Amino acid sequence: MSSSGRATPARTLAEQLRAWPDERLVALLRARPDLATPAPQDSSQLASRAATRSSLHRALDGLDRLELSVLDALLVAGQTTSEEVISIVRADPDHAARALQRLLDLALAWEAPGGIRALSGVADAMRGMPGVTSGLRPSSPDPAAPAEIAARIAELSPAAAALLDHVAAHGGEGTTGAARRTVSPAEAASPAEELLSRRLLVPREGDTVVLPGEVGLALRGGRTTTEPVDDVPPLATSPRDAALVARTAAGAAFDVVRRVELLLDHWGVEPPSVLRSGGLAVRDLKAVARELHVDEPGAALLVEVAQATGLVAEGTEPDGSPAWLPTDEFDVWSGRPISERWARLVGGWLASSRVPSLVGRRDAAGKTWNALAPELSSGLTEEARRLALQVLAEVPDGEVLAAGTGIPSLVQRVGWLRPRRPTIFSDLVAAALSEAAVLGVSGAGALPPSGRLVAAGDLPGAAEAIDPHLPRPVEKVLLQADLTAVAPGPLETEVARRLHLLADVESRGGATVYRFTSGSLRRGFDAGWSALEVRDFLTSVSQTPVPQPLEFLVDDVARTFGSVRVGHAEAFLRADDEAALAALVHDPRARTLGLRLLAPTVAIATSPLDVLLPRLRELGAAPVVEAADGTVRVSRPDLQRARSRRGRRPAGAVEARQAAQVQAVATAIRAGDRAEASRPPTVATISPSGALAALRDAIEGGSTVVIGYVDNHGATGERVVDPRRLDGGRLSAYDHRADAVREFAVHRITGVRQA
Amino acid sequence: MNDGPLIVQSDKTLLLEVDHPSAAEARKAIAPFAELERSPEHIHTYRLTPLGLWNARAAGHDAEQVVDALLTWSRYAVPHALLVDVAETMGRYGRLRLEKHPVHGLVLSSTDRPVLEEVLRAKKIAGMVGARLDDDSVAVHPSERGNLKQALLKLGWPAEDFAGYVDGEAHAIDLAEEGWTLRPYQREAAESFWDGGSGVVVLPCGAGKTIVGAASMAHAQATTLILVTNTVSARQWKDELVKRTSLTPDEIGEYSGAVKEIRPVTIATYQVLTTKRKGVYPHLDLLDARDWGLIVYDEVHLLPAPIFRMTADLQARRRLGLTATLVREDGREGEVFSLIGPKRYDAPWKDIEAQGYIAPADCVEVRVTLPDGERLAYATSDPDTRYRLASCTHAKIDVVRDLVKQHAGQPTLVIGQYIDQLDEIAELLDAPVIKGETPVKERQRLFNAFRSGEIGLLVVSKVANFSIDLPSAEVAIQVSGSFGSRQEEAQRLGRLLRPKTEGRSAHFYTIVSRDTVDADFAQNRQRFLAEQGYAYRIIDAGDLSAESS
């Protein structure tokens, strides 16, 4: 491999990449991340990887309609100048030039000595996308001038002209039947012959004829398409106060944080079980919807977002059955300010591949999708969400998506931006929009400043931007004589927690209405509060004097809250001899009896009397049966937690790491190149990957190489070949010796050198 | 964040911060469509219900106004789902219309065909409609007008009734405004009703519902049937009408258990109408005895179920409902809406009070402790007799005596449920008793004496609860009540809320036995009164005597 190719045009793509400045290489690796993992050894390996089928498809999927059209035009024109390519695209030349530049930056096309050309695999990858490509064939190797072709078309008889139009309209291919292949225009006896004679149709293998690209262009007025390809579908918008957008979004953001907290508080006490198939039962989802005052799709979104953020995960209940539980990360999350919590949820949503919009619908087999079902995800979701936000960010301030037509217009725009995506992508984009509205990323059909920051990937910034619009946490409540307390905004966590213990929640929303009842106050006493503490707490949180009836209620409850503890046990043990009782309770042989000492002279047992009695006798005691009585513990259900899913990193960290990685890869490639350059040029056997890179270089450059090849008999020989395609472990190449295209197994190629 | 006084909750309640500077404006904006549920001192709670929204639609408000009011006054962002729901609910009203067709008579029509299809498919509707006239309308049997409206409301598609009313037999009735004038809200209420056709006017006790009825009759200028709860109330209506209108006593008939007169204006009791003999209602003919141009229902919230059934057949006549509250203990608010009509006028109690028409009341709960002996008896007694035992404790009688002494010189009522207890109190205080067995004549004599100031203390049983005008009572002492119903409470308080001459505040005492079911019921009462915005205090019986001495 020569290191002399510093000048443009390069002989191979690898050579061109080698000549690129670092920034451009970094940009390429960033735009096509699959090229960077694992890090390629040098530029030739990078070039070779860029031409693989899967990588090409991935890159093409990310192109918009204009870029695809320019690429298509490049295929029609063959190797040519950028001016020529731009001239045959029906689009603004500036737009087309920009699109072409992007194709070069993405290494989908490169500047060969004879002009710009598309990578060889592109033609294959572009096939079979009707509506995306023009459907024109590549031009002939030495096409006639457009004026000349136009003249030839003008000479045609009406029948021939009609036939030409027909062929052009039906895929640019036909069969000739009886038509002679080589006739002069004068001799032509049929419309087909007329076209063949004027080289408006060109024969191919068998009796097929094709319409060469230059003729197709001529028929379409010198462009690859009849319709302009750069008219981006407009977004339907209507004017709306930007302040309302921000308020609506903040309202939704507050709601979603509040609901997730409520959901997980609830699940911490009463976790729903995990279905055998891994999801959440429909019944449980309905319960969530009821509890949170949302519809079922809304409930599904909340549950999914909570999971995507790592706030809920599969855990086990004390009895060992799998259940959906809040994670320990939820506890950390609950302690953060609302804006930060919101940003975490949005981050989780953006990065997740889950498709909550499918919950409740049926799959192909007629099975209903459950929320949290493991298979409920799609690789396209993330892109759909980012793209939806990106396009929504284009709606200017003071305007919103128009009611009714706005969302379809946005979906259409996304269709233009990603024509190669399947139809389900549109559904995902539409779903992403409604999810964004529920999550408070967008409001009233537009992005507020916070939403724009989300779209730009700046979540901490978004949290900061939304913060002033969120309801301020309040520390005080209004106590009223009807025994209610109203918190006119989100309460400080600690106050809320205490109030929650002492009163029942009657209504939720921006404000919370609590009601004190004797039952709720008793709950407080159960948790160890005294009447004085309750009254002090009420005085401290109330904006107004504590109403007299409430004080009365507290005192009433305190008066009746007995010091007597009641409950039941299977049996009790009573002994005047304290030592004997203690010995019995601590006897290891009595462990199964569940003995518990309540007082020095009283113990209870959880075993029934008929088990207890014989066992006590075995232990040497001489019990007398008296009666059944005992005490009970007051307990509340423990909050349960699952372990957080590990390995999650904040979104920013991932990007930083990626950036660093890409830089490192670029440097590594450079090092590889330098090593390669400093190595004496040999034609010796090279590594398999080196061979592949060399072969791809040859394909791109259309050059001739000598390969070492082990034939069927095990004999090594050299062949002079023009490589054409490299696919599925086989090289197809024109073999100069055999004067035919032959297939070579790549693993038998021992070396490659320039001829 | 908007600094509005309103907080819209996701459960469709609206919280209004009373002390907020723009609270009054916000209240005005939401009052037409939201029902005031609670009005304690700081935060008033309104609720959005389908009925309330439909009531608003009937009164000419549209969804846009509702949404706008919520957005304008809300402090936080309004849940989007709620706005959608409001628009959808309001959109349901009037999608179906009952109209009079020149050829086919009564027809049910709709501009929204799927809705018509949906309701016609309902089993309940099938028997009430006749032939399909065209795609958008169907004939209705005139006799089913009321039932159909009721059934449609249950299906969630309330029909608007444009079929009109019969004029009824004309009869000249004019207001005689001599020495008094119609208060502005009374005039507004009567006009709102008349413009709406049929419907309910909600005014607190003592705010002059009778006068609203009289004003409506003056609008109608037609023979009128007035349905009231009992005989005493019927006589009061008669007196009031004679005083306030051009009607003479001869033009007004009473139709009750005792007298059966049918005159251009007839006042009948619910009881006589609902009396059943051998499975039929013998007095049902009264409804058709004359060509009534207006039917007035006093105390709509107490309207017995059979009257609903009868009312279903009276849909061609104008109907006016008068009540202090739309809340019915039996939850039949929907039937009032569909059979009598939507709410046409409403004024929050406290607002009227602020205008000076009603004296504010001071509500005090006095707690007595059962003596040890009674406590033991209470603890070991049957659940059915516990309430009685708790209510009738002797400890209460001492408190009554103290209170009466404390308010000596002020007209005082002692109200109770148990006759024995009332008799005992009456004997002790040397005061007359009105109970079930007291003849109507005697009752009226006592009431008149009380009103004129001849008697300063009256002991009354449950029978006195409804619709008896005792304008000068300033103190009421409740010793026992029937299981703390909200309605009863409204009635009792209403008794005290009648306008007072010198703007003195009225006192409402309830005496409650501590730690018994009596106290539990008292809690309901306390909640209701506090929710209505009345100051509510609890004091100990011991403190009371200390206070008075």
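Strands S15 (residues 595–599) and S16 (residues 602–605) of chain A pair in the antiparallel sense over four bridges. Here helices (H or I, at least four residues) and strands (E, at least two) are DSSP runs, numbered from the N terminus, and two strands pair if DSSP finds at least two bridges between them. With two residues between them, S15(A) and S16(A) form a hairpin. Within this pair, Leu595(A) stands opposite Ala605(A) in S16(A).

Before I continue, please note that this is a predicted model, in which local features need pLDDT of at least 70, side-chain atom pairs count only at pLDDT 80 or more, and totals for chains, interfaces and linings use all residues. Residues are numbered from 1 along each chain as its sequence is written, while chains are lettered from A and ligands numbered from 1 in the order in which they are written.

I turn now to another part of chain A. An open sheet of four strands has the order S10-S11-S13-S12, with antiparallel pairing. Strands S10 (478–479) and S12 (504–507) of chain A stand at the edges, each with a single partner strand, so one side of each is left without a neighbour in the sheet. Strand S11 (residues 484–487) of chain A runs antiparallel to strand S13 (residues 512–515) of chain A, and four bridges join them. Val486(A) has Val513(A) as its bridge partner in S13(A).

Finally, chain B. Its secondary structure comes to 23 helices and 23 strands. Of its 549 residues, 48% count as buried, that is, with 20 or more other C-beta atoms, placed from the backbone, within 10 Å of their own.

Conventions:
Buried ≥ 20, exposed ≤ 12 C-beta atoms within 10 Å, placed from the backbone.
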